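Please look over the structure shown below before reading on; the paragraphs that follow lead from local features of the chains to the contact between them.

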Number of protein chains: 2
Amino acid sequence: MTSSRADLIISGCAVLVHDGRGEVGFREDSAVVVRGGVVEAVVDADDVSGLAAVEWIDARGQVAMPGLINCHTHAPMVALRGVAEDLPTEAWFNDVVWPIESNLTGRDVELGARLACAEMIRGGVTCFADHYFAMDTVAAVVAECGMRAHLGEAFFSSQGAEGRERSLEFALRHRGAADGRITTALAPHAPYTVDAADLAATADLAREHGLSVHLHAAENRDQTDASLARHGRTPIEVLERAGLLGVELLIAHGTGIDADRDLPVLARASGRVAVATSPRGYLKFGWPGTTPVRALNALGIPVGLATDGAASNNSLDVWESMALTSLVQKSVEGDPRWLTARQALHHATVQSARAVGLGDSVGRIAPGRRADLVLVDLSGPHTQPVHDLAATLVHSARAADVRTTVVDGRVLMHDRELRTLDVPAIVRELEERLPALLDRSHGRRIQEYDT
Amino acid sequence: MTSSRADLIISGCAVLVHDGRGEVGFREDSAVVVRGGVVEAVVDADDVSGLAAVEWIDARGQVAMPGLINCHTHAPMVALRGVAEDLPTEAWFNDVVWPIESNLTGRDVELGARLACAEMIRGGVTCFADHYFAMDTVAAVVAECGMRAHLGEAFFSSQGAEGRERSLEFALRHRGAADGRITTALAPHAPYTVDAADLAATADLAREHGLSVHLHAAENRDQTDASLARHGRTPIEVLERAGLLGVELLIAHGTGIDADRDLPVLARASGRVAVATSPRGYLKFGWPGTTPVRALNALGIPVGLATDGAASNNSLDVWESMALTSLVQKSVEGDPRWLTARQALHHATVQSARAVGLGDSVGRIAPGRRADLVLVDLSGPHTQPVHDLAATLVHSARAADVRTTVVDGRVLMHDRELRTLDVPAIVRELEERLPALLDRSHGRRIQEYDT
């Protein structure tokens, strides 16, 4: 630790730390020293008394933890929050979301992304993996607001070769942008909207350019059954055949992963495969299963937390995903001892960082890691008394208890005040645009949902 | 509407109202006029411009809705929040909670109740049904903090006749207390801890004194199976035989209600039977079922929302119970069109009020009803834009979005500031008492869990 002025010192808090095996623990009455966007030291609070910093946050009564990572979302879809309620998957896509998305303009995407980033920063999210359209705009919003993001331009085979080429061009042009806060992926939509040839071409491009791939697959059991009926293969087997299990691959959802057929396939994957789970939407759509977290865990496949888009999830509240992942996993496994609060925090930190390909740079508050962290206030009556910090964080605290959000050492929210985004201005302009965005009288869809 | 000074006017908000059939709707740009603890009028915002009030709240951008009702909790157990994590039901009771509860003092209960009321007021809860020990103390806290409550002194048959007599004495002495905000119930713990003779005696006392009864029954499938093995009857059949289905009865949980045997029994109940559901705990314990809300609905049995105690639920967040009830019901029924946001709000308002025996006095914002209501701020990025107010309230808003809580016309919290409780003082004293409360070295339990 050098004695010159640090960029940021946070003192007096408990710090969520990971031990040598990556397991979650807490260091009481500590301080975090940040310099050059990186955590320089995690020390006893007393040890920083002689230091100086450009910004000093007294965080007594709070917990510093790695910022949450939203491992799969469609950020701009916050514009559609609440517009397609209580519908089965097919009607949700074909009757509401895909007709509306045929109206999308770059400005809608920009305002949606800004609103989404504001929501995520306020909810303690420091990084998100986005999979959508007009992603140049999303990249610009990320640069502007200070978040970290893993971005991919979505494509369907119905767009012809052009869709895939645009996805590649986006991934190459933006990787390393926003001072390195942006990483990129190729983003085919899903095996039911992108054909085998395009999936194989995507795998080739990923290998050729050292890019990762982010897609939806085996979202639900119906998709697995339809894939078996159509191709004689599950969606996971389709990915394997395309060569996608040999590259760095982020699979969204996987609630339709077949235990007998797919787990052996995933076990022999040579690429770094990860899965993102957003359990709220699975409940809301009434899907019969959820992501098989325990089985994936046994294979060493990281499972990151996610919200999906707000048109299905109604929020980008990763904190809720953390609690729900624990609750739903206990329920489906019939085992209250499984997916403990500490395990949930492991998914929220180390596993989510690995899922978005940032396992070496974020997900822990430790020397040398990028300084992506949040401060959580536990003084509210709903989080007192504290018998077990992990349980308090996962099961009693809420997104609104995050008081401060830091990315790359920069404070994006302090004491609940956003520093880089103007919510009332965003909402005002977005509201003016909603009538045109929501118009479905044209009868068009950007795509047809037919698994 | 009289022209003299009102006690409270809330203006400029949308108001959640119920139509003639009790269905949920919204009245935009309205005002609520309160006088003498009662809603005098719900009118257009313009119509109050000439009036005066002792307190006037400008609620533009907010929604006024009936205060949430926690239909089954053990408020003082907030002291044990997080102390018994990731355990099966039996270990939770026998190894942790019942040993600790053998240390309980009146002061622990008092501080726990105060902390619980602070949490509930901040979370938009205006009324709670409590089922615990040392309830004189809880009644005193209710009187002090201004909430409404339906209280019962819990008893086991292991206490002999004295337990039941104390429960009766409590119910008679406190009914109508705190200016009518306290109503009471007889509170046998459950059919597995209270024998048939005591249950029958309870039913007799309820009839004799015009009291309602609040108990746990068919909490999970194991209890139903154990009851069948031991008595040849399900817990619901045990209640019927005891005469308890002929009185006003509030059943907590009912996830073990047997569709074939119990639904016909409940259908022929002559008393006003209601069920309270707290789905978070069922997930956390890994129970195989949940409250059969759809089947109960078909029988006309109200299902109120609840949290249970914070030792299992980790919070008293009824807002979360509202969202989870919708999500879990969609999931278990495999039907995304069921338990819509409006239905969830119906459970939260009209059905919860009926469940705690207050169906004629609270649960709606309407002339003549007690003025128990909350103001919810929808200006946050996570609740914008609003396409469907019901969906925004249930699926996007959170307990922390409640800015103002009013009970009987009295403002208990305004702009997140509590007016009747001092959280830091409560927490300070409670923390000093925790070592003695948590001591389990004595090897005692207040009761044995053996369904």
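Predicted model: local features only at pLDDT ≥ 70, side-chain atom pairs only at ≥ 80, totals over all residues.

Helices and strands are here DSSP runs, of at least four residues for helices (H or I) and at least two for strands (E), numbered from the N terminus. The peptide bond that joins Q384(B) to P385(B) is cis, with an omega of about -10 degrees. In chain A, a cis peptide bond likewise links Q384(A) and P385(A), again with omega at about -10 degrees, and P385(A) sits in the loop between strand 14 (373–377) and helix 14 (389–396) of that chain.

Two further backbone features of chain A involve positive phi angles. D29(A), which is not a glycine, has a phi of about 45 degrees and belongs to strand 2 (residues 24–35); its relative accessibility is 49%, so D29(A) counts as partly exposed. H253(A), also a residue other than glycine, has a positive phi near 85 degrees and lies in strand 11 (residues 249–253), but at 1% relative accessibility H253(A) counts as buried.

How are the two chains related to one another? Chain B superposes on chain A by a rotation of 180 degrees with 0.0 Å of shift along the axis, at an RMSD of 0.0 Å, which is the relation of a two-fold axis. Among the residues of chain B, A400(B) comes closest to that axis, its C-alpha lying at 3.3 Å.

The contact draws 57 residues from chain B and 57 residues from chain A, and because 100% of the interface residues of chain B are also interface residues in chain A, the copies meet through the same surface. About 4400 Å² is buried between the chains, 59% of it given by carbon and sulfur atoms, and D86(B), P381(B) and H387(B) supply 15% of the area that chain B buries against chain A, more than any other three residues. Six salt bridges are found across this interface; R398(A) forms a salt bridge with E320(B), their closest N and O atoms being 3.4 Å apart.

Technical notes:
Residues numbered from 1 in each chain as written. Chains lettered and ligands numbered in written order. Heavy atoms only, no water. Least-squares fit on C-alpha atoms with pLDDT ≥ 70 in both. Contact = heavy atoms within 4.5 Å. Buried area = accessible area lost by both parts, 1.4 Å probe. Salt bridge = Lys/Arg side-chain N within 4 Å of Asp/Glu carboxyl O. Buried < 20%, exposed > 50% of the residue type's maximum accessible area, 1.4 Å probe, protein only.
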